[in-house]
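Here is a short report for a first look at this structure. Keep the 3D view open while reading.

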Amino acid sequence: HTGGEAFVAKALLELGSHMDVAKESTNDIISVVQLAWGLRVVLNSDNAAAGAAAKLAAEAKECIRRGWRAFRCIERFLDSRIFKDTSRQTVLYVFLAHTVFESLLHCQSGRELVKALRDTASTRQIVAEPGDSNEFAGAFASMLSLMGIIFVEQPELQNTEAVANFVEYVGEDHRSYGTLIPFLGLLGAMGEASDSRRTILQRMAMLGSSVGWDKFFLVLRDYVNIYSQAKVSGASVSTAGGTPGGQSVADTREQMPVEDAEGLIAYLRLMTRMLNCCSEAERHQMIQQLKASGKGEPVDLMFSLYKFPVPPSLKGALLEVLRSLALSPPQASQILQQIEDAEIIQTPAGSSYGVSGNAIALAPVKDLSWQLSEVEARREEYGETLAFVQLLNALVNVLPRGIQTSARLHRYTYFVRTQVFSLYSQRMYKDQAQKWSIATSSLELFGSHLAHFDASQLMQTESAMNGALDSTSA
């Protein structure tokens with residue numbers, strides 16, 4: 001009836017065929033079995049049952065209550081290499097997982113479990129069994145992540161009343177990052193479908209709601225003001241605190257808390273995902289929404305925070321949004337101007353580029369080059385550099401072709417060639433996929449430059465410069 005038994009049987013068969021099941025958490029696997037069995041019994045039981053039937057129903061409800069680990073187990077399976085290597089079964093597995101989830105929403109015990117998970121994530125209180133509190137609090141995020149995987153694979157499965165009611169419920173009154181960040185991730189997954197994207201954009205543009213672009217820009221502006229004041233006074237940086245989904249408050253700490261950074265990143269990732277999925281008309285409309293919510297140009301607002309020493313992961317997320325905004329030609333021109341003004345790659349005063357392009361550095365500067373060698377290389381994480389290279393790719397493909405554009409981008413492509421690409425194989429990486437993303441993105445940038453290169457314009461420019469030099473010598 002629920003599809004749960006079929007999902008359990010097939011999922012465990014795949015796990016057993018492809019990996020050592022002993023490495024998986026036994027409790028997680030048991031939780032899937034308990035949840036599937038409990039749903040089957042409850043949805044097929046008579047509410048007026050008595051005696052042994054009533055006892056069985058009570059045991060089934062208890063199994064549902066204890067089935068919260070199932071979300072993490074199914075999420076891991078659907079997001080694993082095992083699942084992705086069995087593409088012929090993709091539709092079946094996703095449908096079965098969705099059936100289990102819908103069954104959960106159709107029974108009272110299931111809805112009570114959802115509420116308990118949301119309340120725990122929202123308040124960060126310990127309400128689970130001893131020793132399992134952190135896992136229980138994280139089960140809400142796993143549940144929403146699982147839904148996101150399902151809706152990306154099969155967008156049509158989100159068009160049900162049960163899903164709509166669930167999204168409305170979990171989208172209310174976010175006062176904690178424990179609920180806000182997973183919810184924004186879910187919206188991003190749902191937004192890949194055009195019908196849902198329109199609804200999500202309308203929701204995010206609403207002023208005064210618990211989740212919206214205005215909340216994001218409120219916290220962004222708070223931090224810009226805090227960093228600006230600290231820069232002027234020379235004092236340590238205070239933090240805006242609070243959440244982008246709640247009220248902005250002031251606090252005094254040495255740096256931006258991880259929670260605040262992750263909250264801003266979650267908003268930025270949603271923004272990036274929406275901009276990438278939008279049609280040209282939708283993108284224009286969304287940019288107008290961002291202008292209204294932020295009370296300013298989105299590009300200017302992103303750079304206003306980027307220029308301060310915020311966490312590298314946040315800098316990378318800001319650059320990713322700028323790359324998506326660069327898909328719009330007017331925004332691309334504005335972004336290149338801001339890159340130049342912000343001096344992301346600096347040339348110290350008095351230095352120059354020779355014919356070979358070699359820069360003579362007179363003093364160390366803390367630009368992206370310094371960030372790459374001194375911060376990212378030590379952490380073995382290169383999110384900001386990768387995002388910058390991908391932003392350059394977008395600019396090269398969108399901006400008008402010509403020698404003027406090439407000249408403006410020269411400093412940045414030189415940085416990619418000499419410091420990013422030429423040394424990428426010598427650096428250590430926590431994530432090997434990032435290594436190859438940096439290599440391929442760099443090669444794409446070089447290829448785009450060559451495709452847009454117009455030798456005739458270069459020859460005309462060199463001829464004019466030589467003529468000027470000859471007249472000067474004479």
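## Helix pairs

Helix α11 passes helix α13 in a left-handed crossing. A crossing is left-handed if the near helix is turned anticlockwise from the far one by less than a right angle, and right-handed if clockwise. This is a predicted model, in which local features need pLDDT of at least 70 and side-chain atom pairs count only at pLDDT 80 or more, while totals for chains, interfaces and linings use all residues. Residues are numbered from 1 along each chain as its sequence is written, and side-chain values use heavy atoms, with hydrogens and water left out.

Helices (H or I, at least four residues) and strands (E, at least two) are DSSP runs, numbered from the N terminus. The chain has 22 helices and zero strands.

Two packed helices are described by the angle between their axes and the distance between the axes. Here the axes are lines fitted to C-alpha atoms, for helices over the stretch in contact, and angles run from 0 to 180 degrees between N-to-C directions.

| Pair | Angle | Axis distance |
|---|---|---|
| α11 (residues 194–205) and α13 | about 135 degrees | 12 Å apart |
| α13 (residues 258–277) and α16 (residues 312–325) | roughly 20 degrees | within 9 Å |
| α4 (residues 69–78) and α6 (residues 90–105) | about 160 degrees | 11 Å apart |

Angles under 35 degrees count as roughly parallel, over 145 as roughly antiparallel, 65 to 115 as roughly perpendicular and the rest as oblique. α11 and α13 are therefore oblique to each other. In this pair, R197, I200, L201 and M204 of α11 meet Y267, L270, M274 and C277 of α13. Contact means heavy atoms within 4.5 Å. By class, the α11 contact with α13 has seven nonpolar, no polar and one charged residues. Ala, Val, Leu, Ile, Met, Phe, Trp, Tyr, Cys and Pro count as nonpolar, Asp, Glu, Lys and Arg as charged, and the others, Gly among them, as polar.

α13 also packs with α16, and these two are roughly parallel to each other. α13 passes α16 in a left-handed crossing. On the α13 side, the contact is made by A261, L264, I265, L268, M271, T272, L275 and N276. The α16 side supplies S313, L314, A317, L318, E320, V321, R323, S324 and L325. This contact of α13 with α16 has eleven nonpolar, four polar and two charged residues.

α4 is roughly antiparallel to α6. α4 passes α6 in a left-handed crossing. F71, I74, F77 and L78 in α4 meet Y93, A97 and L104 in α6. The contact of α4 with α6 has seven nonpolar, no polar and no charged residues.

## Core and burial

Buried residues make up 49% of the 474 residues in the chain. Buried means under 20% relative accessible area, exposed over 50%, partly exposed in between (1.4 Å probe, protein chains only). In soluble globular proteins, nonpolar side chains tend to be buried together.

A nonpolar core is a set of buried Ala, Val, Leu, Ile, Met, Phe, Trp, Tyr and Cys residues joined through side-chain atoms within 4.5 Å. The largest one has 123 residues. F166, L305, I335 and F388 have the most contacts inside it. Not counting residues up to four places away in sequence, L305 touches L220, Y223, V224, Y227, L264, V310, L314 and L318.

Among contacts between residues at least 6 apart in sequence, 70% join residues at least 24 apart.

## Individual residues

C63 lies in helix α3 (residues 52–65). C63 counts as buried at 16% relative accessibility. The C-alpha atoms of C63 and G38 are separated by 5.4 Å, although the two are 25 residues apart along the chain. Leaving out residues up to four places away in sequence, C63 touches Q34, L35, W37 and G38.

S109 lies in helix α7 (residues 108–123). S109 is buried too, at 10% relative accessibility. Beyond its neighbours within four places in sequence, S109 is in contact with K61 and I64.

Most residues other than glycine have a negative phi. K295 has a positive phi near 55 degrees. K295 lies in the loop between α14 (280–294) and α15 (298–306), and is exposed, with a relative accessible area of 74%. E380 has a positive phi of about 65 degrees. E380 lies in the loop between α18 (368–379) and α19 (383–398), and is partly exposed, at 26% relative accessible area.
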